[in-house]
Structures are given as structure tokens and as C-alpha cells.
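Biologist: Hello! Could you walk me through the pockets in this protein?
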Amino acid sequence: MCGIVGYIGTKKASPILINGLKKLEYRGYDSAGISTIEESEISILKDKGRVKNLENLDGINNLKGTVGIAHTRWATHGKPSKSNSHPHMDNSKSFSVVHNGIIENYKELRDFLQNNNYKFYSDTDTEVIPNLIHYYYNKENNFLKSVNLACNDLKGSYAIEVIFKDMPNNMIVAKKDSPLVIGKSDDETFISSDIPALISFTNTFYFLNDTEIAVISKDDISFYDSNLNKISKDLTTVELSSDSADKDGFEDYMLKEIYEQPKAVRETIGTSLNGTNINFEGLSLSKDYLSTINMIYIVACGTAMHAGLGVKSNFETLCNIPVVVDVASEFRYRKPLINEKTLCIYISQSGETADTIAALKLAKSKGAKTIAITNVIESSITREADYYVYTHAGPEIAVASTKAYTSQIVLLNIMALYFAEILNSSSKDRIENIKKEILKLPEKLEKTLEDVSDIKELAKKIYSKKDMFFLGRGIDYTVALEGSLKLKEITYIHSDAYAAGELKHGPIALIEKGVPVISILTNPTLVEKTISNVQEVITRGATSIIITNQSLDCSNFDNIINIPETSALLSPIVSVVPLQLLAYYVSKEKGLDVDKPRNLAKSVTVE
Ligand code: F6R
């Protein structure tokens, strides 16, 4: 939610900042703004709407400064408008600030500042920050001390960049519970909310921990803890190709990412399953410890939670431990039963989701061990969890998650096998067979993506529908949930997913002539049961769409999409692909912005 970029170097900052903002637009696109500093003069340009509006503003080419900060917003406090856009300045127009996060005590701080004669011109929480810095600067006459004192007053989350007209060659950045990375090349420093936005400029980075501050000049960076003790940091080299953050010839990031799934899954397998050996670097859980575990929680939000649902029964059957999958925003407030015999696994593509991180902290405070599964190197969740394991899907830019989901399911299945091996809770043969099946997945994904003409045709037939339904049983139900989420978020068509057997307990009342009902049928032991439920909706006039890897008598169905067969445990990794593509092509038929659906942002750093 919100993206920030900064530059300090020898080149004109504005084009670099705009380039960075475009790569961060997935984090929010309600408004965009930029501030540069030149000859002790701070200039600001900002407007509501997307980065391209900012790029076209009069005066953008006149921003000549080589130091600058920029922001792309997902509105929380205050509607999308020019006045609520970042950067924000203090009343004396000395400090310019961009902020990602939420200041929870902003009302209190605003009251305090208003009592000290400060005026406010926006509805944002952020505007207290530059004014607070100014307030402390009047007392301390020191840029760093003032930013630090202001940060100490902030409750909530922040990643901020601050420039100051009297120190035009410096920038101060600080963070707490919101992401911020500092990229370094010879005589330039780049700041961003994520690594991919900077990877075309540099592959070496510094990472700030929460409450740390950095003072950046063209040639030097000094790091401080929250007591302003100087600290040292190592540069980390990140292996990521610069084209991984580009569209690579695809019309949209989402389509590119759908097609990247064979590679993402291959790479994710490659890091943990080598032939028949499973190795999770950094995940050292002993047999003694695992044998004490009597409950596993898998906690996440949205698509990542669906990935958890997709592996629940695999963990249970392979490891013989009950598994509860929970929505992070519910888990954190419902006093879950957790103790040192509970293992909690948190899934988050971005590693920044506020609810997931809070749910993790809660489990830790109650003595449970925590494992984070994330796709983003050095993301906040990796710093909170006892252990973390990366999926290797590569940057996921489209708001709708695709390759992260399939990579998460693969990784979690390998983890279930790993636990089962340690615990001796499943037969060797069974474990080896599943490993073989996992190794075949990239090829099966390639095959699924080979010819998608049926899906494009289907999208043309159904794109104008108002409602759609997704059905499945067992593991297919978890995919139905994900297919339905994908459809609604990028096509704005209302859709619901139901366990096929639940239909006649209420939802079947919604079925009428021509309503598309998409059923997923991959589990041979449940196929006949689901077909009976499909028959019930066909009788009531529904248009039946079947996704299957079984040989079925198709004469009764309106559309059938065949996919390669996999072991029932692993089927979501393949069966979700036609649903992702269907959502994509329906969105295209409707002429929508697939990568940036309305009201959404990629990284949900607010609860
Ligand atoms: C849907 C989608 C979201 C995310 C959810 C969690 O396509 O992307 O539902 O899955 O916001 O995000 P992460 O995985 O970053 O914690």
C-alpha cells in the first residue's frame, strides 16, 4: 500500500523517480507525486490518478534536482485528491516527506501541532510528519535529531523519505513495519519500497531494520539506531534479473506471470527438493520438536490463505497432525488456542501484509514456533518469524496473485513431505511417489499453457454475465475459492464458490437460466459426486463449465476444459491455471485494467 522511491546522485532525479514509481504502481494508484531539491529550493508536483498523469504535468521537465523523493498512493486517510497526495510539506515549506504506512496516533499529533499553531491542508495522517520534524528542528537545529524525535512520536507503521531545503545534498530515510530498501551503486543511492523497482539500476542493497534511520548523501550513507548510535551495515547482493520486473513482451504483467508458472514452480522445487532429497536451508526442526506438535495453524490472507487451504489435508494425511487454516485478520483477534506445542505457518507473497505479520507476532508471544513462507527477499515477515523459507516465483507485479499461489502450494507440499520424513508418519513409497509427481509439475504446467484458445472463446461467451459460481469438492473446492476470487477482483463480476455438496442447502436458489457454473473435477474418488451436483444446476438452466483431468462423458456439459492429470494432492497447481486465464481474458473482453484493478493494491500493509 503506497510505494515510495528516492534518488540522490549525479543525474536528474525526476525521470529516475518516475521510472521507479511506475514499477511500484502495483502498490497503489490513487495519486502520485514527486519532490526534488535544487539550490535549496524544494519543488513539488503531484496529482490524483496514476503515475502517467504525473508524468504529463506541466513543469515535470523543469525539475532539474539530483536529489528527490516520490510516492504512489493507495488512499487510507483522506480520499484520492491532489491535496491528499504526497509529498507533504511542513508549514514553513522546509521539509518534504513521502510516507508509506499508517500513523495511528495522527489525530493526537495533529491536535498537539495545532495547539502549537501548525495548520493542516490535507486529510492525511502523513501531514503530521513534516510538521513534527519542523517542530523538533526549531528546538534542536539538527536534521537527523529532528527526524528521529518525530519518528519516536509516531505510533503505527512508516517508511519515510525526508528532504530538507537547508541540507540540499542529503536525504533521511527511516522505517518501522513498512518496507524500505536502499540500493547503492558507485555515486548514486536509490531508495524504494521494493527491490524490483531498483533492479535495473543496481543489485546491491542495504536493508534497514525497524526504527533505524539512514542519512544519505551522494557519496555516503550513515546508519543509526533509534537512539542515534551509529551502526554499520553490510551491502547485500541480490540475484534478480532486470527483465524480471518488465512485461517481457506480454500485454500485461498478470499474463506474463501466469506464463511464468512453470519456471516459478521449477525454481521453487529446485531450492528444496533435489532429486529425492529434501533440504530446507535454515529450517532446522528436530524430530523431538516436531513430535511434540499437536496442531498446525496455517495463517494468511486472500490467495495466500487459499494456498493454505490447498495443502491442509496433505499436511494432515502425511504428517498426522491436525491443521487449521485461518484468515489472518480473524486469527489475530479471536484468541486462538496456541502454546509451545503449536506450529504456526504464515504465507505471504509480499511478506508485508499487516494482518499476517500481526498474527505471527501473536503466535510468537504465546510460545509457538513460527515459519514464514514469502516470495520477497528480506521482507518484513522474515524478520519476525523464527524461520522463513522463500518461494522462488520471482517478482509478482500484477495485483492478482498467480505464480505466487502455485509456488506456495508446491513449497508447502514439499514441507509436508519433509515433516513426514522426519516424523516417519507416512510410508517411504508414498513420499517418494509424491516427490516424483512434484518434479513433473513444471512440465504439466507448460502443457496446460500450450493452447488456451478454448479459454479465450469461453471468455467471449461469458464476459457480460452478472454472476458466476464455482463448485468443487475437497481440494477442488479450495481451487474454486481461488478461481472465484481471481474472477471478481479483476472482472468486477460477482462470483461465489461453494463446496459442491453445500449447493442444495441454500445457494442453488441463485441458479437460473444462463448463469455460468464452473466446476473443478480432479479427484477421481469425488468426481461422480460432483457431477451429480453439476447435473442439479444444469437442470435449473445453468451454463456448465467443467475443468477436469478425468475422462468424463462430456455430452451433457456446455464447455469442458481438459488439463493434465496429477496426483489428487497436487491438482490445485494445475487446475487453477485455466481459472486464472479465464479471469484474465474476461477482464480483457471487458476492457479493464487487468494489472491494476479498482480499489486494490498489491501489498496490504494496513489492517
Ligand atoms: C489476490 C491477492 C490477495 C493476496 C493477499 C495476501 O489475487 O493477491 O488476496 O493474496 O492480499 O497478500 P500477501 O500474500 O502478499 O500476504
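Modeller: First, a term: a pocket is an open set of grid points where a 1.4 Å probe fits, with protein on both sides within 12 Å along at least five of seven lines. Its volume is the space filled by probe spheres set on the points. Please keep in mind that this is a predicted model.

Biologist: How much space lies in the second largest pocket?

Modeller: Rolling a probe the size of a water molecule over the atoms shows where empty space is left. For the second largest pocket, that space comes to about 600 Å³.

Biologist: Which helix gives the most to the lining of the second largest pocket?

Modeller: The lining has 28 residues, with Cys 301, Gly 302, Thr 303, Lys 602 and Val 604 nearest the centre. Helix H9 (302–319), strand S20 (342–348), helix H11 (354–365) and helix H17 (475–491) each supply at least two lining residues. The one that gives the most, with four residues, is H17.

Biologist: Now the largest pocket: which element provides the largest share of its lining?

Modeller: This pocket holds about 810 Å³ of space. Its lining has 38 residues, and those nearest the centre include Leu 240 and Asn 375. Strand S15 (236–237) and helix H7 (261–272) are the elements that give two or more residues. The largest share, three residues, comes from H7.

Definitions and conventions:
Residues numbered from 1 in each chain as written. Predicted model: local features only at pLDDT ≥ 70, side-chain atom pairs only at ≥ 80, totals over all residues. Heavy atoms only, no water. 1 Å grid on protein atoms, 1.4 Å probe; cavity = no way out; pocket = protein on both sides within 12 Å on 5 of 7 lines; lining within 4 Å.
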